[in-house]
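This report describes selected contacts and packing relationships in one structure. The sequence and model are shown below.

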Amino acid sequence: MKFGGMNMQALMREAQKAQAQLAKAQEELENAEVEGISGGNLVAIKLNGKKKMLSVSLKPQAVDPDDIEMLEDLILAAYNDALEKVEELEAKHMPNMGGLGGMF
């Protein structure tokens, strides 16, 4: 049976290859760790490649009881920095699935 110029066996081989590439990329992402920082390294947040927060580190200078909003902003900025790095990793590690005619 032909599928757009590709026989069924070839299509299945391509699908299996793409599935293996995807599994490998997902494993690499899961094992990856990125760190987002803010405030000149006053706040650091580590995420894994699945966007799960692994740790938060605060320098004592970041904690001012009279300015909680600043600390909140620093935490948010560090998290967003880490999230951006994870998304860059995802873009690099996820295989291009377009070769299968949009199957994935």
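## Surroundings of K46

Beyond the four places on either side of it in sequence, K46 touches E33, V34, E35, K52, M53, L54 and S55 in this predicted model. K46 is part of strand 4. Its relative accessibility is 33%, and K46 therefore counts as partly exposed, since that class lies between the cut-offs of 20% for buried and 50% for exposed.

I45 is in contact with V34, E35, G36, M53, S55, V56, I75, A78, Y79 and A82, when neighbours within four places in sequence are left aside.

I45 is also one of the residues that touch the most other members of the largest nonpolar core, together with V34, V43, L47, A62 and L89. This core has 14 residues. In soluble globular proteins, nonpolar side chains tend to be buried together.

## Packing of helix 1 and helix 2

Helix 1 spans residues 8-31 and helix 2 spans residues 68-93; their axes lie 10 Å apart at an angle of about 155°. The two helices are therefore roughly antiparallel, as the angle is over 145 degrees. The crossing of helix 1 with helix 2 is right-handed.

At the contact, A25, E28 and L29 of helix 1 meet L89, E90 and H93 of helix 2. By class, these comprise 3 nonpolar, 1 polar and 2 charged residues.

Methods:
Residues are numbered from 1 along each chain as its sequence is written. This is a predicted model: local features need pLDDT of at least 70, side-chain atom pairs count only at pLDDT 80 or more; totals for chains, interfaces and linings use all residues. Side-chain values use heavy atoms; hydrogens and water are left out. Axes are lines fitted to C-alpha atoms, for helices over the stretch in contact, and angles run from 0 to 180 degrees between N-to-C directions. Helices (H or I, at least four residues) and strands (E, at least two) are DSSP runs, numbered from the N terminus. Angles under 35 degrees count as roughly parallel, over 145 as roughly antiparallel, 65 to 115 as roughly perpendicular and the rest as oblique. A crossing is left-handed if the near helix is turned anticlockwise from the far one by less than a right angle, and right-handed if clockwise. Contact means heavy atoms within 4.5 Å. Ala, Val, Leu, Ile, Met, Phe, Trp, Tyr, Cys and Pro count as nonpolar, Asp, Glu, Lys and Arg as charged, and the others, Gly among them, as polar. A nonpolar core is a set of buried Ala, Val, Leu, Ile, Met, Phe, Trp, Tyr and Cys residues joined through side-chain atoms within 4.5 Å. Buried means under 20% relative accessible area, exposed over 50%, partly exposed in between (1.4 Å probe, protein chains only).
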